[in-house]
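This report describes one chain of a predicted model. The sequence and structure are shown first.

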Amino acid sequence: MKGRHYVPPRARDGRDENIHIEEDHVKKLKGIVLCALLAATLVPCGAADKKSPAGKDRLVIAYSFHALDVSMSAMWKGIQAFGKKYEADTGVKIKFLMTNADGSTEKQLSDVDSLIVQKPDVIMIRAVDCDGSVPAFKACVKAGIPCVNDLMGANTDIATVKFMAVNNNYLGRMLAIRLEKYLDENPGASLNIGFIDCDPASSTALQRGVGFTDYLTQKFGTKGRAKIIARKYANWSTTEAMAVTEDWLQRYPDINCIVAANDEMGLGAMNVINAAGKKGVLILGIDGIDAARQGIKDGSYFATIVLDVAQIAKYDFDLAVSVAKGESVEKNYDISSKIATLVDSSNIAGYLK
Amino acid sequence: MRGRKKTGGPMDLLMRNKAFFILAVLVAVASCVSPVFLTGANLMNVVRQVCPSAIIGIGFTLVVASGCIDLSVGSLIALVGVVAALVSKQEGMPLVVAMLAAAAVGVACELANAALVNVFNLPSFIVTLAMMSVFKGATYLITGNAPITRIPESFVEIGQGYAGVVPIPVCVMAGVAALGYVVIGKTVFGRHAVAIGGNAEAAKVCGVDLANTRYGVYAMMGVCVAIAATLLTGRAASAQVAAGSGMEMDAVAAVVIGGTPLSGGIANVAGTIFGCLLIGVINNMLNIANVNSNWQLIAKGLLIILAIVLDVQSTKLGARIAKKEKATEGKAAI
């Protein structure tokens, strides 16, 4: 028994009780060390495979994700599925390496360092930041490993290929164009718009707001029929977007349009508008998640942009394989106009599951 | 800088360098997990990656040893990095001026933290938590939420260059560690700071100026922040608005693992360095073992807890053994 003031009796066999307590501590320490070693052996054995030079029968494809949100997770699953299909069709084994920078530039630089030492055949880098992630590409070039400027449009041309499928500026513009169409169809209407932006550190995703604002300003000026009266970050969060919308309803009673950089925030706005019973407020977002599509069907959500994640995954994987095999590919490969579709009440029927 | 008397022997060596031995065990485990771990390139990556957090950890060691805490370091790194980048981009501006500007901002902000703690007698936890938000907002205001890019090549060289075969950040870290060891352990100021952490009232009665010592502690933290921010900005070739985010948590973990208790009174600079390396090895091991990134967060937390539990249990064992030896010596003397 342990305790500060308890004086243990001498054990019957004559041994000092203190020795028993020390032995307990030593046993506990040994147990902890053994548990640690056991836990380490249970780590998934990407490393258990002996590294062998990739020949024709094996390709090692590495991905450095900037973050793993809903759409990126779906894309990753799609890529892995295409990998399995490729193995089955061609007999070439595909080994994937994947890291997630979770929105941190520093982590992405460290992630890419970790990928480089494992000597993959290609590294697909989805940049956290257009400029901050550039050293990751330089590290790949220095190590002699082909790299792809994948999806996020980092400001560098040293990658083997620049693959654009999600042009954030273009997505923002699509939403602005839809509002322009609304105003054309309703000549007497005007829009007081609140824009819910993503997170101030995501310079690539901030382009959604830039594309939206630039187009509206170009078409209507700053005091025209469509004007942005409020703008705030909600860090991709539904809860934060709800708080922002509640504040706006108090501060701007004439607000009649809320545009969000993604549907999760748009849904937060929708929840608040529905709870307040306010009619005639247009809510728009990006990603085309199920709840947004349902909202369009119900009439409480105005429009969203659906990204064909499966198509992106297919193009992405095919490109990764081509670069990994050393095939000749175009330096700039842009499919952004092919995979984004604006969905509203006119075409929602084809997008409901 | 430890409170106990040196008694010598292998057990005492183990107790005084727990973080090192825990790190050694983890390195052994990591090398079993992946054959890539023990390659020169990977080990150099690990050391280079922990440089900014190790430098922050050195300043943090003194802050914690003095009985305070600083949760604003993450946000302050971003602010200082932005200032350094903006100053360096001015035409004809020597790089050293930009670095001095960074140091000035870092020290000034940390002195503001210390002033709030001293003048209003507020807990450092609350003050620095609030100032974290202030520094973050200031960064966003100055930058307009866009990173500062196209910084001079000489600046980038600090974060990405080499001195021979050793990355420059590693050389900087070694220098800061040596200086930190001397300042914290061998100067009157350092001893006063640790004494305040041990027992502030007793230190005051002994003539230690609590307020000025705290200013000095936080000023030193400001210098460490400036150096870390410079390295991070150079490494990313840009000043990111979210640079350093979450670094205060890694710093706390490294300091505690390294043997500096959160209650203060003891400072172990070498332990902090090994604590930073430990966290770096954990991150690296999980990456090269291709552990799912969501599981990585859980695994990292659990491994840190395991390291701290090992540390606490071994400290208790060491105390028991020391007590037993003392009792034995006492009986022998009789």
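## Overall fold of chain B

The secondary structure of chain B consists of 14 helices and 2 strands. With a radius of gyration of 21 Å, close to the 20 Å that the globule rule gives for 334 residues, chain B is as compact as a globular protein of that length. Its C-alpha trace spans about 80 × 55 × 35 Å along the principal axes.

Of the 334 residues in chain B, 51% are buried. Where contacts in chain B join residues at least 6 apart in sequence, 77% of them link residues at least 24 apart.

## Packing of α4(B) and α5(B)

Helix α4 (residues 73-88) and helix α5 (residues 95-120) of chain B have axes 8 Å apart and pack at an angle of about 150°. Angles over 145 degrees count as roughly antiparallel, so α4(B) and α5(B) are roughly antiparallel to each other. Their crossing is right-handed.

On the α4(B) side the contact includes B:Leu76, B:Val80, B:Val83 and B:Val87, and on the α5(B) side it includes B:Ala98, B:Ala102, B:Val105 and B:Cys109. By class, the contact has 13 nonpolar, 2 polar and 1 charged residues.

B:Val127 lies in helix α6 (residues 124-143) of chain B. Its relative accessibility is 5%, and buried means under 20%, so B:Val127 counts as buried.

Apart from neighbours within four places in sequence, B:Val127 is in contact with B:Asn113, B:Leu116, B:Val117 and B:Leu122. B:Ala24 is 103 residues from B:Val127 in sequence, and their C-alpha atoms are 37 Å apart in space.

How values were computed
Residues numbered from 1 in each chain as written. Chains lettered and ligands numbered in written order. Predicted model: local features only at pLDDT ≥ 70, side-chain atom pairs only at ≥ 80, totals over all residues. Heavy atoms only, no water. Helix = DSSP H or I, 4+ residues; strand = E, 2+ residues; numbered from the N terminus. Buried < 20%, exposed > 50% of the residue type's maximum accessible area, 1.4 Å probe, protein only. Contact = heavy atoms within 4.5 Å. Axes fitted to C-alpha atoms, helices over the stretch in contact; angles between N-to-C directions. Parallel < 35°, antiparallel > 145°, perpendicular 65-115°, else oblique. Left-handed = near helix turned anticlockwise from the far one by under 90°. Nonpolar A, V, L, I, M, F, W, Y, C, P; charged D, E, K, R; others polar. Rg over C-alpha atoms; globule rule 2.2 N^0.38 Å.
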